[in-house]
Amino acid sequence: MEHSGKSKTNGFLLMLTLLSVAAAVAAPFFWDRFMEGQTGMIALIAVEILLVIFIIASTHSLWKNSGSGQWKLKSDKKGMKVYTLKNPGETWLKIKIIGRLKGRLASILALMRNPDAADDVGMFDSYYIPGWDPDKDGVDPKLVYYTFKQKLFPPFKHREFVVKSEFSQDPITKEMKFNFVAAPEMLPQDKRYFRVTEMHNKWKYTPLDNGEVQYEFIYDAVDPGGNFPYALANWLIPAMLPFAFAKMPKILDKDKYRNARMDYVMEVDQPAEVVA
């Protein structure tokens, strides 16, 4: 009954929204039949503004209340599948990308979790949070905290990410998993940048029998904030992420990744007892 009631409410609101759009488009052509002169023009402008405000508010409400909570295939091109998920009550889409590439697991790990790789993936000013550098501070490299920044176009501030990076690997299948969770409290706020406070991005790399590695990435920034329009982000991010993933094989072919060594990762042909 609750679902039926929501459907009726949304249906009624959709009808009102469509009628408002029609009224906003038609009003300039018929308004002079009701009011003329300067007073009529002022009244028309006021009516148009009210209609636009209502259309924006109702469209937002319809979008926020929509969604199935299920992954839906958005595109399937060049061996890369892009899915989106919309949860009722949320405005931002979750995005999932599944594809394949060739590369050593240590190479992928070096690209994914080394702050020095920031420039190669379009980020900048990346470093370990003080006290969390595996080499300098002796912490377990499977759990580290670091920060990086991402450029945005004006008028939006560049984004600053402070994240907890967790790594795990199945000793049998050699599948690698990464969790990147926002940890904004780990560094003082820098007012020059907008800090993302809610994020839980997930990566999974699964070695296949043919020598390739299947990757699965879930982009889950609950609200990047900073007054960035969610409608623009929901259109832009699913369209741009595939281009970034398409560059991964070329990046992994660089010497610093191709020859990377990571003590805490097992390669496909490496027995589990070799890694401490």
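Biologist: Which conventions apply to the numbering and the values?

Modeller: Residues are numbered from 1 along each chain as its sequence is written, and side-chain values use heavy atoms, with hydrogens and water left out. In this predicted model, local features need pLDDT of at least 70 and side-chain atom pairs count only at pLDDT 80 or more, while totals for chains, interfaces and linings use all residues.

Biologist: Is K174 buried or exposed, and what is its relative accessible area?

Modeller: K174 lies in the loop between β6 (159-169) and β7 (176-182); strands are DSSP runs of E of at least two residues, helices are runs of H or I of at least four, and both are numbered from the N terminus. Buried means under 20% relative accessible area, exposed over 50%, and partly exposed in between, with a 1.4 Å probe and protein chains only. K174 is therefore buried, its relative accessible area being 6%.

Biologist: Which residue has its backbone oxygen 3.2 Å from a polar atom of the side chain of K174?

Modeller: K174 has a positive phi, near 70°, although it is a residue other than glycine. A polar atom of its side chain lies 3.2 Å from the backbone oxygen of V268.

Biologist: What is the phi of D125?

Modeller: D125 is found in strand β4 (residues 123-128). Because its relative accessibility is 38%, D125 counts as partly exposed. This residue other than glycine has a positive phi, near 50°.

Biologist: How far apart in space are P207 and R104, C-alpha to C-alpha?

Modeller: P207 lies in strand β9 (residues 200-207) and is buried, with a relative accessible area of 15%. Its contacts (heavy atoms within 4.5 Å) include L105, K174 and V268, not counting residues up to four places away in sequence. P207 and R104 are 103 residues apart in sequence, and their C-alpha separation in space is 9.4 Å.

Biologist: Which residues touch the most other members of the largest nonpolar core?

Modeller: A nonpolar core is a set of buried Ala, Val, Leu, Ile, Met, Phe, Trp, Tyr and Cys residues joined through side-chain atoms within 4.5 Å. The largest such core has 49 residues, and those touching the most other members are F178, Y205 and F245.

Note on methods: A polar contact is a pair of N or O atoms within 3.5 Å; within protein, one must be able to donate a hydrogen and the other to accept it, and residues adjacent in sequence count only if both atoms are side-chain atoms.
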